[in-house]
Amino acid sequence: TAAGQTSAAVEARYAEIAQNLVSPEQRVSTHLLVPIAADADQARRDAARRIAEGMLRDVALATDEAAALTQMDALAGTHGAFEVSVEHLPAFAQGDIETSFADALFGMTEPGLVPSVVETSYGFHVIYLQRIEAPWTVPREEWEPALRRQLSVEARAQALVTLTDDLGERQRVLMSPQLDAIMANWPTSETSITPPASITPHASI
């Protein structure tokens, strides 16, 4: 039935855009990174961890988020043999980042400083959780009417295109006999055309 086809079309279109209608929990954070190479020896790793732990203590002294972030910005730079960077990360879901970083960040129940240094393949991190963004889903009663309207508009547009093409084809077919008659009597390069008597050809110069 037409209704069934419409429902099928709605479900098919929903499958195409479903990922845009839901969002998992996401978190916003800032972190300091003391980088280490993958092949760094244990002594260098220990030195990098000590620097990160010292930074963690410094940031922990901050009385609020603004002060903590200001302190983290100030700590970025050269520390002995390490170039420490600070990065303000946009919102991301748990599966969007390396597991140890995500586990530490998503293990927090409220914004604040992650209480310990976190090691990843990039090095050692001091992480501050700034904001937790709750998951959301657009309810079916909101997206389905809009989706049906969109499909209806598309169907009408396609019907108009089909009608235009059909009318164009009919017009071409109706015109064909007339065009054939005109082309049959059209002068060719081998046909001489006699000018009207009132026109006298110019003499060649």
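**Figure 1. Contacts across the whole chain.** Take the contacts in the protein with a separation of 6 or more: residues 24 or more positions apart account for 69% of them. Keep in mind that this is a predicted model. The protein has 5 helices and 8 strands, and along the sequence they come in the pattern α-β-β-α-α-β-β-α-β-β-β-β-α. Out of 205 residues, 27% count as buried.

**Figure 2. Where H2 packs against H3.** Two packed helices are described by the angle between their axes and the distance between the axes. Here the pair is H2, residues 42-60, and H3, residues 65-75. Their axes come within 9 Å and cross at roughly 145°, and the crossing is right-handed. On the H2 side you'll find Met55, Asp58 and Val59, which meet Ala68, Gln71, Met72 and Leu75 of H3. Sort the residues of this contact by type and you get 5 nonpolar, 1 polar and 1 charged.

**Figure 3. The largest nonpolar core.** This core holds 19 residues, and those touching the most other members are Leu32, Val34, Met55, Val59 and Val126. At least two residues come from each of E2, H2, H3, E4 and E7. H2 is the top contributor to this core, giving 5 residues.

**Figure 4. A look around Met55.** Which residues does Met55 contact, once its neighbours within four places in sequence are set aside? They are Leu32, Val34, Leu75, His79, Val84 and Val126. Met55 also turns up among the H2 residues that meet H3, and it is one of the core members that touch the most others.

**Figure 5. H4 and what covers it.** Helix H4 spans residues 99-106, and its buried residues are Phe101, Ala102, Ala104, Leu105 and Phe106. So what lies over them? The cover includes strands E2 (26-35), E4 (82-93), E6 (118-120) and E7 (123-133).

How values were computed
Residues are numbered from 1 along each chain as its sequence is written. This is a predicted model: local features need pLDDT of at least 70, side-chain atom pairs count only at pLDDT 80 or more; totals for chains, interfaces and linings use all residues. Side-chain values use heavy atoms; hydrogens and water are left out. Axes are lines fitted to C-alpha atoms, for helices over the stretch in contact, and angles run from 0 to 180 degrees between N-to-C directions. Helices (H or I, at least four residues) and strands (E, at least two) are DSSP runs, numbered from the N terminus. A crossing is left-handed if the near helix is turned anticlockwise from the far one by less than a right angle, and right-handed if clockwise. Contact means heavy atoms within 4.5 Å. Ala, Val, Leu, Ile, Met, Phe, Trp, Tyr, Cys and Pro count as nonpolar, Asp, Glu, Lys and Arg as charged, and the others, Gly among them, as polar. Buried means under 20% relative accessible area, exposed over 50%, partly exposed in between (1.4 Å probe, protein chains only). A nonpolar core is a set of buried Ala, Val, Leu, Ile, Met, Phe, Trp, Tyr and Cys residues joined through side-chain atoms within 4.5 Å.
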